[in-house]
Amino acid sequence: MEWMLHNLDEVWRLTVEHIELSGTALLLAVVIALPIGFLVAPRRLLDLPVLGVLGVIYTIPSLAFFVILIPYFGPGFVTALIPLVAYAQVVLVRNVVTGLRGVDRDVIEAARGMGMSRQQILVSVELPLAAPVMIAGVRIAAVSTVALAMVAALVNAGGLGELLFVGVSQDHMGKIVAGSVAASALAFAFNAGIGAIEARAHHAASGER
Amino acid sequence: MTLPREAVTDGSAIAFDGVGVDYPGADRPAVDGISLEVAQGELVVLLGPSGCGKTTLLKTVNRLVELTTGRVLLEGRDAASVPATDLRRRIGYAIQATGLFPHMTVGANIAVVPRLLGWSPERIEARVAEMLELVNLPREYAARYPRQLSGGEAQRVGIARALAADPGFLLMDEPFGAIDAINRERLQDGLLEIQARLHKTILFVTHDVDEAVRLADRIAVLRDGSLVQYAPPLELLVSPADDFVADLVSADDVFRQLSLMAVGAVMLSSGCAPQADAPQDALSGARPIVRADASLRTALTQLLRSGADKLDVVDERGNFAGCLGLAEVRRMITARDTAHGPRGDG
């Protein structure tokens, strides 16, 4: 802890790097997962192939996944980003699908019966009502992305993982503690921040504002 | 077996013309070649046991269900000739589960179709207030959310929402099916009041015979996807087409028949005078009185309860019109029975 307090600048710099990497990964992951989820939700036949493939990706050992991309993208940000985005898909797509399927069928039937178009139903009925479950998926994915991004330091993508790995190789307990504490705090912050948004979405969806 | 085009375009608001619906994998059509016309301003009930095709038939009107054969004409125009979303915005739709949007206020729920049609905010706001008044809910309810409503209130909002854009047609799919008996009667009365004011063409699905008899101008009885009988309620009770209809509507239920007959049609208008020589405004102090437009069931209840041997019948202005005793009620019932024979004997 003492090392951490004396090197706050360094810890802060790596924390910002960590946020950049996991934030970008998360954003990109959501952008990809939404259309996949929209596609799968009304088609149960796609459950097995799509969620199956995403599940298999999730089981790839993280170290191997990062290292295998180095020949293609070289060490650095992009190589770290791809596995993070891929790992997040399983949780995100599943929650998008679950959220959309959880919308009361009678509500959608009424929306159709009143002459709303497919898009209007998606945007003004399904999305707001599915939002709490979708955002819960983002929250879970965020926590695991922050943790996984520690490994990214091994492919030269920076972040708090650097403290951890350098600390281990130098047998420097102060750096190991600093890296772990900062990463935990970050995961906690993501969880709480997104959790607050989730709660608001839940209130809005159930008319409890 | 399709009707000639002229036959279905003249005057009828909704015309089913050989309508058939097949669901994939089902062993028989859900709807099997039904032809049926609904006049402008008429309230027609589709009645039958579950699985008879009544809801499917209803949904062919706003094309939530696509036809396999035949066509549906709305005011003479083929419903399939209009884009489905445009068509649906002109047809009110109310369902048992209400389908209210839980994330929108009552006001926003009522405003859905007007907003889709691009009404101005001022016009929408005025319309929401008007609709709440129509269904007997306080104006403040516009700011509430569906979860804050009772079942009956939610159903009223559902009806207000269905009527918001002033559609010519209203489709109602067991709208009061999940409501307790007392509130259901209130909602039924409310619907009749609204109908008396607005004269919409209404298709109403139910499996509840009492509800059908109370509301309908005409009842279409369905069984296994086919139309069995299409007639006004009293005719259905008095001369059911077959045993299925007779059982379904309990045609031999005398009280149900009496509830559909008006006092005015049975009373003695000559040969009886207001009791004693009491002046007309003192009638109420003498024999019990009943209005000519009340049902015989109401009159019979009054006869039995008061112990009087005759009721004075008055018109809507309160003027003496005739009188009615047990003998007249009994004559009406036996006349029905001899005209049509007791059911089941042949």
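Residues are numbered from 1 along each chain as its sequence is written, and chains are lettered from A in the order in which they are written. Because the model is predicted, local features need pLDDT of at least 70 and side-chain atom pairs count only at pLDDT 80 or more, while totals for chains, interfaces and linings use all residues.

**View 1. Where chain A meets chain B.** Here 17 residues from chain A and 19 residues from chain B take part in the contact (C-beta atoms, placed from the backbone, within 7 Å). On the chain A side, α7 (105–113), α8 (118–148) and α10 (173–205) each supply at least two residues (helices are DSSP runs of H or I, at least four residues, and strands runs of E, at least two, numbered from the N terminus). The most come from α7(A), with 6 residues.

**View 2. The two domains of chain B.** Domain 1 spans 5–258 and domain 2 covers 263–273 + 282–336 (bounds from an automatic or database domain assignment). Their centres, taken over C-alpha atoms, are separated by 35 Å. Look for 5 residues of domain 1 in contact with 6 residues of domain 2; α12(B) gives the largest share of the domain 1 side, 4 residues.

**View 3. A closer look at B:Val266.** You will find B:Val266 in the loop between α12 (254–258) and β11 (289–291) of chain B. B:Val266 counts as partly exposed because it has 19 C-beta neighbours inside 10 Å (buried means 20 or more other C-beta atoms within 10 Å, exposed 12 or fewer, and partly exposed in between). Leaving aside neighbours within four places in sequence, its contacts include B:Met261, B:Leu296 and B:Leu324.

Definitions and conventions
Contact = placed C-beta atoms within 7 Å.
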